[in-house]
Amino acid sequence: MHIFDEIESEVQSYARSFPCVFNRAKGELMWDEDGNEYLDFLAGAGTLNYGHNNPVFKKALLQYIEDDGITHGLDMHTIAKRGFLEAFNDHILKPRNMDYMVQFTGPTGTNAVEAAMKIARNVTGQQNIVTFTNGFHGVSLGALAATGNSHHRDAAGVSLSGTHRMPFDGYLGDNIDTTEYLDKVLSDSSSGINSPAAVIVETVQGEGGINAASFDWLRNLQTVCRKHKILLIIDDIQAGCGRTGDYFSFEEAGIEPDIITLSKSLGGYGLPFAVVLMKPELDQWKPGEHNGTFRGNNMAFVTAKAALETYWKDQKFSEEIKRKGRYISSRFESIVNQYGEGNFTVKGRGMFQGINCINGDIAESISRKAFEKGLIIETSGADGQVVKILCSLTISDENLAKGIDIVEAAIREVCASVETMPEETQYFEVA
Ligand SMILES: Cc1ncc(COP(=O)(O)O)c(C=O)c1O
C-alpha cells in the first residue's frame, strides 16, 4: 500500500473501508492483485448498475475506439452524441410521453445538480431552493448547500446559502405528512421562508440512509409545488437508471418533475456522464452559460446507447429488477426478524435497500466482517447506521443469494458479540 500512504491525499474514503489493491472486475465480481475474489455490493456507489465491464458495452466501446471515433469533442455534435440522444428519446422519453430537453453538464452528479439549481433560480427569479433533511446532492458549493450531512458541509469553508431545509418524508414520524408543513410555511408570509425557486428531492435518499419517500408523499409534494408555483427537481442520480425497478425512480408515483438530474449509471460502463432533463419552457440557457470542458463524454455516449438498447427496449429488465427487489425485501425482512432483537429495520425499495442497524459502529462492524468474507458492502446514513445493498442490477440470482447469505452471517456474528442492542430514539414520546 506504500505509494497510497505516501502520496495519496487523506481525503480517500472507500479505500479505507476496503483496504486492498483491486486489479480486475467482471459483472458483480472483483479481484484484488493477490487474486482474492470479492462480490461487489457497492457497484461504484450505484454507477455500475449493469455490472463491471459489461461485455455488450465493452464491445461497442472497443469498436468505437478502434474506428478512431471522437473521444473528446467539447459539446460539438458527434455521431456518438446523436446515437445517445436518439436512443434516449426512443427508449426512455417517448415511451413515457416525456417532453424534456437534454442538457449535457460536466460529467459528475454534483455538476448536474449545480446546473439544475441554476436553471430553477434563473427562470423563476427566486433564489432559495427547498431541500430535505438527510438529502445528498453532491459536494460542490451550490449542491453542498442542498446536502444535509454536516461532515461534508463542514468542509465548505464558507457559508452555504440559498437553501431552506424541510423535513423529508418520515422525518417527524410515520403519521406526519411533512408536505403539509411545507404548504403551511409557503402560505404564511411571516413563516420566514422566502418564496423558493424550486424543491430538490431524492425519491429514495441514498447517502442519507436509504429513506424511501412514499408515493403519496411525492404526489403531495408535487401538489404543493404546483400550488405555490415552484419547480420540482428530482435528483435521480442514485435512485434512477433502474435502481428502484423503473428507469426513473418516480415513475410509479406518477409525478411529472420539471427538472431531473441523472448521472452515475447513465453511461452504463462506469464512465463519467451527467445530464439535466428540463421541461422545454425552462430551457432558457444562453449559449455556454453553464460551461465545462468535459460536457458530453463521447465514450460514455457509446456505452449509454448500448445500455439503453440492451436493457430498456422493453419491460423485461425492469421486471427482473422488481423480482430481485422482492427477493431482497423478503431476505432482509427475515434477517431483521432474527437478529437485532427486533430493533433493526428494512429500508428502501427495489434493488435500493438497506438494513438500519440503529448504530453506526454496529453497521460498520457488519460491513467489515462482510469484507473479511469476500463481500464489498458499504454503510450510509447520518451516522453510517444503514448497511446498504447496491449490487449490480444484472447480478445472477446465485450471487445475490450468496451476498445476502454473507450479510446475514456478518449480522449474526456481530449481533452475537454486542451486549445490548441499540434502540431507535423516539423524539415525540409522551413522558
Ligand atoms: C442523489 C445524488 N445526487 C448527487 C450526487 C453527486 O454525484 P457525484 O458524486 O457524481 O458528484 C450523488 C452522489 O452520490 C447522489 O447520490
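A search of the whole structure finds 19 salt bridges, a salt bridge being a side-chain nitrogen of Lys or Arg within 4 Å of a carboxyl oxygen of Asp or Glu. The model is predicted: local features need pLDDT of at least 70, side-chain atom pairs count only at pLDDT 80 or more, and totals for chains, interfaces and linings use all residues. Residues are numbered from 1 along each chain as its sequence is written, and side-chain values use heavy atoms, with hydrogens and water left out.

**Salt bridges**

- Lys 279 and Glu 256 form a salt bridge through their side chains, with an N to O distance of 3.0 Å.
- Lys 279 lies in the loop between β12 (275–278) and α11 (298–311) and Glu 256 in the loop between β10 (231–235) and β11 (259–262), so this pair ties together parts that are 23 residues apart in sequence. Helices (H or I, at least four residues) and strands (E, at least two) are DSSP runs, numbered from the N terminus.
- Lys 279 is buried at 11% relative accessible area, while Glu 256 is partly exposed at 45%. Buried means under 20% relative accessible area, exposed over 50%, and partly exposed in between (1.4 Å probe, protein chains only).
- Glu 320 and Arg 323 also meet in a salt bridge, at 3.0 Å from N to O. Both residues lie in helix α12 (residues 316–338), three residues apart, about one turn of the helix.
- An α-helix has 3.6 residues a turn, so residues three or four places apart point the same way.
- Glu 320 is partly exposed at 32%, and Arg 323 is partly exposed at 33%. Together with Asp 397, Glu 320 and Arg 323 are linked in a network of salt bridges.
- The side chains of Glu 408 and Arg 331 are joined by a salt bridge of 3.0 Å, N to O. This pair links distant parts of the chain, with Glu 408 in helix α14 (residues 397–417) and Arg 331 in helix α12, 77 residues apart.
- Glu 408 is buried at 13% relative accessible area, and Arg 331 is buried at 14%.

- An oxygen atom of the ligand lies 2.8 Å from an N or O atom in the side chain of Gln 238, and an oxygen atom of the ligand is 3.0 Å from a polar side-chain atom of Lys 264.
- The protein covers 83% of the 390 Å² of accessible area that the ligand has on its own. Accessible areas come from the Shrake-Rupley method with a 1.4 Å probe; for residues, only the protein chains shown count as cover.

**Helix α9**

- In α9 (residues 178–187), the buried residues are Thr 178, Thr 179, Leu 182, Asp 183, Val 185 and Leu 186.
- These buried residues pack against β5 (129–132), β6 (163–166), β7 (198–201) and α10 (215–227).

**Asn 211**

- Asn 211 is in strand β9 (residues 211–212) and is buried at 13% relative accessible area.
- Beyond its neighbours within four places in sequence, Asn 211 has contacts (heavy atoms within 4.5 Å) with residues including Asn 134, Phe 168 and Lys 347.

Note on methods. Polar contact = N/O pair within 3.5 Å; in protein donor to acceptor, adjacent residues only side chain to side chain.
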